[in-house]
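Work through the following exercises with the sequence and the coordinates at hand. Each task is followed by a solution in steps.

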Amino acid sequence: MALPLPPGLTPSEVGFLCEMEHVTVIPRQTLDGLELLGGPTGALKPPFPTPLPLWLALLLKKQRRANITPPPWLSVDALTQILDFETDERTAELFSPSPNLPPATTTAPLEGDPYLAHDSLELSAPFLKDAATARAQADALPYHWLEIGHLLITHAPDDFEDLDAVRKLLRDLREVRMSKLRKGFEVLDAGGGVKMNGVGGMEIAEVRGFVGGVVDGLRKLNRSREESRKERETEERENGFGSSSYRDDEDEDML
């Protein structure tokens with residue numbers, strides 16, 4: 001008999017799924033295209049960039065057959081801009097926006113701050129086209145931003161212009177966003193929730209167990225209070241003190 005699994009994806013499972021995201025590689029040698037379960041890949045012809053699944057790009061990088069081009073949002077300037085948005089007092093309760101959705105479901109951009117123009121988007125969908133390739137938006141974090149950043153820094157450090165600065169900005173950005181999540185959980189109640197627009201897959205996986213435990217505990221407390229209240233009302237009715245008509249009659253006699 002199989003053991004029951006907790007609801008949702010674990011961090012390791014989220015990291016595994018992240019490797020299906022596409023990144024841009026610069027091949028070092030010619031390779032034919034492959035027929036994969038997710039669809040065919042293009043042929044590699046140096047020095048032309050080609051999008052490939054992250055797992056395949058990491059394999060070619062390990063074999064020194066290709067270099068990986070970090071997405072625009074994984075640069076020092078882009079991460080600094082996103083971190084400024086996360087720490088701005090005007091957007092203290094918001095998370096940095098997700099990449100634009102396909103035209104059929106994307107809302108019209110607003111005038112003014114480009115970040116605030118994305119506030120009306122309600123989704124942070126994974127596997128959006130070009131979310132992590134060289135054509136990705138520089139001012140938006142994709143659903144698997146944390147996992148992609150960690151894998152590229154770990155396995156392709158020589159493909160970054162300023163690796164130490166990127167690593168530090170990613171760490172600061174993660175700490176700021178997790179702090180926002182913790183502040184949101186402080187006001188949770190049994191029937192409440194936290195707005196998580198723009199939160200990434202790994203961030204959700206890391207806090208899912210904690211939040212579920214907090215909400216379950218609050219529900220148990222509320223259930224115990226409700227049961228105690230019902231027992232008290234039952235005892236009062238049995239003793240003749242629970243009926244409002246009894247109190248009204250008693251008050252009239254006293255008058």
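**Exercise 1. A pocket and its lining**

Which strands each supply at least two residues of the lining of the second largest pocket? Describe the lining by residue and by class.

Solution. The model is a predicted one.

Step 1. The strands are β3 (39-40) and β4, each with at least two residues in the lining of the second largest pocket. The largest contribution comes from β4, which gives 4 residues.

Step 2. The lining has 14 residues in total, and those nearest the centre of the pocket are M20, L36, G38, G39 and P53.

Step 3. Sorted by class, the lining of this second largest pocket holds 8 nonpolar and 6 polar residues, with no charged ones.

Step 4. The space in the second largest pocket is about 210 Å³.

**Exercise 2. The sheet**

Determine the strand order of the open sheet and the sense of its pairing, then explain what is left at the edges.

Solution. 

Step 1. The open sheet is made of 3 strands in the order β4-β1-β5, and the pairing is antiparallel.

Step 2. β4 and β5 are the edge strands and have a single partner strand each, so one side of each lacks a neighbour in the sheet.

Step 3. On average, neighbouring strands of this sheet are turned by 50° against each other, direction ignored.

Step 4. Strands of a sheet pair through backbone hydrogen bonds, in a parallel or an antiparallel way. Here β1 and β4 pair in the antiparallel sense over 4 bridges. On this side T24 stands opposite P51 of β4, and V23 has L52 of β4 as its bridge partner.

Step 5. The pairing of β1 with β5 is also antiparallel, over 4 bridges. There P27 stands opposite A66 of β5.

**Exercise 3. One lysine of α2**

Is K62 buried or exposed?

Solution. 

Step 1. K62 belongs to helix α2.

Step 2. The relative accessible area of K62 is 73%. The cut-off for exposed is over 50%, so K62 is exposed.

Step 3. K62 and H155 are separated by 93 residues in sequence, while their C-alpha atoms are 7.6 Å apart in space.

**Exercise 4. The whole chain**

Solution. 

Step 1. The chain contains 7 helices and 5 strands. Read along the sequence, these follow the pattern α-β-β-β-β-α-β-α-α-α-α-α.

Step 2. Of the 255 residues in the chain, 34% are buried.

Step 3. Among contacts in the chain with a separation of 6 or more, 67% are between residues 24 or more positions apart.

Note on methods
Residues numbered from 1 in each chain as written. Predicted model: local features only at pLDDT ≥ 70, side-chain atom pairs only at ≥ 80, totals over all residues. Heavy atoms only, no water. Pairing = 2+ DSSP bridges. Axes fitted to C-alpha atoms, helices over the stretch in contact; angles between N-to-C directions. 1 Å grid on protein atoms, 1.4 Å probe; cavity = no way out; pocket = protein on both sides within 12 Å on 5 of 7 lines; lining within 4 Å. Points joined across faces, edges and corners; volume = space filled by probe spheres on them. Nonpolar A, V, L, I, M, F, W, Y, C, P; charged D, E, K, R; others polar. Buried < 20%, exposed > 50% of the residue type's maximum accessible area, 1.4 Å probe, protein only. Contact = heavy atoms within 4.5 Å.
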